[in-house]
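Here is my note on the model you sent.

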Amino acid sequence: MAFEARARVLDTEDLSRIIRRIAHEILERSKGSDDLALVGIRTRGVFLARRLGKMIEEIEGKPVAVGALDISLYRDDVATRGASSIGVTEIDLDTNDKKVVVVDDVLYTGRTIRAAMDAIMDFGRPQVIQLAVLVDRGHREVPIRADYVGKNVPTSGNEKVKVSLEEIDGVDMVEIGEER
Amino acid sequence: MNEDVNGHRHLLAIADVDRDFIISLLDSARSFAEVSTRPIKKVPALRGRTIANLFLEPSTRTRISFELAAKRLSADVISFSRTTSSISKGESLKDTAKTLVAMGVDAVVIRHSSAGAPKMLTGWVDCSVVNAGDGMHEHPTQALLDLFTMRERLGHLEGLKVAIVGDIDHSRVARSNIQALNKVGAEVLLVAPRSLLPERIEEMGVDITGSLEQALEWCDVLYLLRIQLERVEESRFPSLREYTLQYGLTKPRWQNLKRKPLVMHPGPMNRGVEIESSVADEVESVITGQVTAGVAVRMAVLYELLGGSHG
């Protein structure tokens, strides 16, 4: 199956504006970057978390902890779907009493985020867990919502949202289209 | 990894798997190793699955390692041994296994003194089978955890020079390791008296030497096998003392080395036989590291069989 793009919903400039805005929103809501920890969900969420971390560091002048989370082992559909290869989780930070912001590229059914929360709870007891996503495409199957949203993109169930990031795809953009 | 007609996957022998399988398993084992370093050393990946450990030959580390691996993946585990089961009443392996599967077991991990028992089992039961050591045939998960340890410590496997010392003839560990190392492009040198080497072993693509000194100069990894004490009675070699003199990693041998290889041992060690006690203390961290790696590698194997990336 190949992805066939119908429209580009975000380009490079849009993406960098979104990162800057969400960084500011996180800082506003958390009243600074103390006790803040960003946890990106593999694969693209990790790059977004790193970008947010860099932006927050530029604004506040001090580094913020960034971790990477692979949620394959927490999925609820391993039995039916089969698992893909598993990445390494790198949470070298103490999440106890931290304000953890989970970062992912697309929010869809919400099941990934449910799994991510389970995983994070196994690492400690954060003061609060929030969610930042680049795109919210709707169609939730569990009661989860994002605290920070780059762009709401209404979609139909058979449409796909494709996020490309400079770090692995060579270009920053978000497209909407169909698998054919 | 074989898949049978019912879609069950088995790990029976290194002979059955290819390089890509080994490398991808070692990659995912790295993620599973991370799980064991967490405050809560458990993930829900195999929740609701049941794994039976059928150990019909004595074993401490392999049995516990498989049990821990299953538990850290949230699977339910039943463990039983020869003495505490109906096998001591004379029940056959076939009937025991069928009973287990009738109770809804998803995988059987089997250790058996007869080569080929795990393979037989796959024809009788409707579930996955993992070979945890069968006679003098193979011990695939041991080879995988050894390769994992070498790769993590030395950074690569291709071109690695590995010397395996000791009773190759009786060793399923050696058989699995030789094949696994061959597949990933490492070089293997066997160090043993002719009486402890199987016939036509050269055909497995290995070199042979009788000189431990020569091997020590050459190797990146020195893999010592356990000398099974009962073999002395079979007159495979004159005495333990004689063996130690020629093939033991003694203090003088170790101290004289300018470039020290990674010393590995599948355990349990016979201190004073294949390795002098003070040398064993010095290299112990690697050998306990092998044990730690065992849990991660077996988690990866169980997950591959039962969670599986087939689909």
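1. In this note, contact means heavy atoms within 4.5 Å. The model is predicted, and every value quoted below should be read with that in mind.

2. With that definition, take A:Tyr148, which is found in strand β6 (residues 148-152) of chain A. Leaving aside residues up to four places away in sequence, A:Tyr148 touches A:Ile22, A:Glu25, A:Ile26, A:Arg29, A:Val101, A:Gln130, A:Leu131, A:Ala132 and A:Val133. Is A:Tyr148 buried or exposed? Its relative accessibility is 1%, so A:Tyr148 counts as buried. A:Val39 lies 109 residues from A:Tyr148 in sequence, and the two C-alpha atoms are 14 Å apart in space.

3. A:Glu25, one of the residues touched by A:Tyr148, also forms a salt bridge with A:Arg21, with the closest N and O atoms 3.1 Å apart. The two residues are 4 apart in helix α1 of chain A, so about one helical turn separates them. Both partners are partly exposed: A:Glu25 has a relative accessibility of 27%, and A:Arg21 has 33%.

4. Helix α1 (residues 12-30) of chain A also holds A:Asp14 and A:Arg17, which are 3 residues apart, about one turn of the helix. Their side chains meet in a salt bridge at 3.5 Å, N to O. A:Asp14 is partly exposed, at 23% relative accessibility; the cut-off for buried is under 20%.

5. A salt bridge in chain B has another setting. The side chains of B:Asp281 and B:Arg271 meet at 2.9 Å, N to O. This pair links distant parts of the chain: B:Asp281 is in helix α11 (residues 277-307) of chain B and B:Arg271 is in the loop between β11 (262-264) and α11, 10 residues apart. B:Asp281 is partly exposed, with a relative accessible area of 47%, and B:Arg271 is partly exposed as well, at 36%.

6. How many salt bridges are there over all chains? The count comes to 31. In chain A, a network of salt bridges links A:Glu4, A:Arg6, A:Glu159, A:Glu178 and A:Arg180.

7. The count of disulfides over all chains is 0. As for individual cysteines, B:Cys127 is buried at 1% relative accessibility, and B:Cys219 is buried with a relative accessible area of 0%.

8. Chain B contains 11 helices and 11 strands. Its radius of gyration is 19 Å, close to the 19 Å that the globule rule gives for 311 residues, so chain B is as compact as a globular protein of that length. Taken along the principal axes, the C-alpha atoms of chain B fill a box of roughly 55 × 40 × 35 Å. Of the 311 residues of chain B, 58% count as buried. Among contacts in chain B with a separation of 6 or more, 73% come from residues 24 or more positions apart. The chain exposes about 12700 Å², and carbon and sulfur atoms supply 49% of that area.

9. Helix α4 (residues 117-124) of chain B has a buried set made up of B:Ala117, B:Pro118, B:Leu121 and B:Thr122. These residues cover an arc of only 150 degrees around the axis, which puts them on the same side of α4(B). On the other side of α4(B), B:Lys119 and B:Gly123 are exposed. The buried residues of α4(B) pack against β2 (9-10), α3 (93-102), β5 (107-112) and β6 (128-134) of chain B.

10. Two cis peptide bonds deserve a look. The bond from A:Arg42 to A:Thr43 is cis, with omega near 5 degrees; A:Thr43 lies in the loop between β2 (36-41) and α2 (44-60) of chain A. The bond from B:Gly267 to B:Pro268 is cis, with omega near -10 degrees, and B:Pro268 is in the loop between β11 and α11 of chain B.

11. A:Lys31, which is not a glycine, has a positive phi of about 50 degrees. A:Lys31 lies in the loop between α1 and β2 of chain A and is exposed, at 75% relative accessibility. B:Arg200 has phi near 55 degrees, again a positive value in a residue other than glycine. B:Arg200 sits in the loop between β8 (187-191) and β9 (207-209) of chain B and is exposed at 58% relative accessibility.

Note on methods: Residues numbered from 1 in each chain as written. Chains lettered and ligands numbered in written order. Predicted model: local features only at pLDDT ≥ 70, side-chain atom pairs only at ≥ 80, totals over all residues. Heavy atoms only, no water. Salt bridge = Lys/Arg side-chain N within 4 Å of Asp/Glu carboxyl O. Buried < 20%, exposed > 50% of the residue type's maximum accessible area, 1.4 Å probe, protein only. Disulfide = S-S within 2.5 Å. Rg over C-alpha atoms; globule rule 2.2 N^0.38 Å. Areas by Shrake-Rupley, 256 points an atom, 1.4 Å probe, with all protein chains shown as cover. Arc of directions from axis to C-beta.
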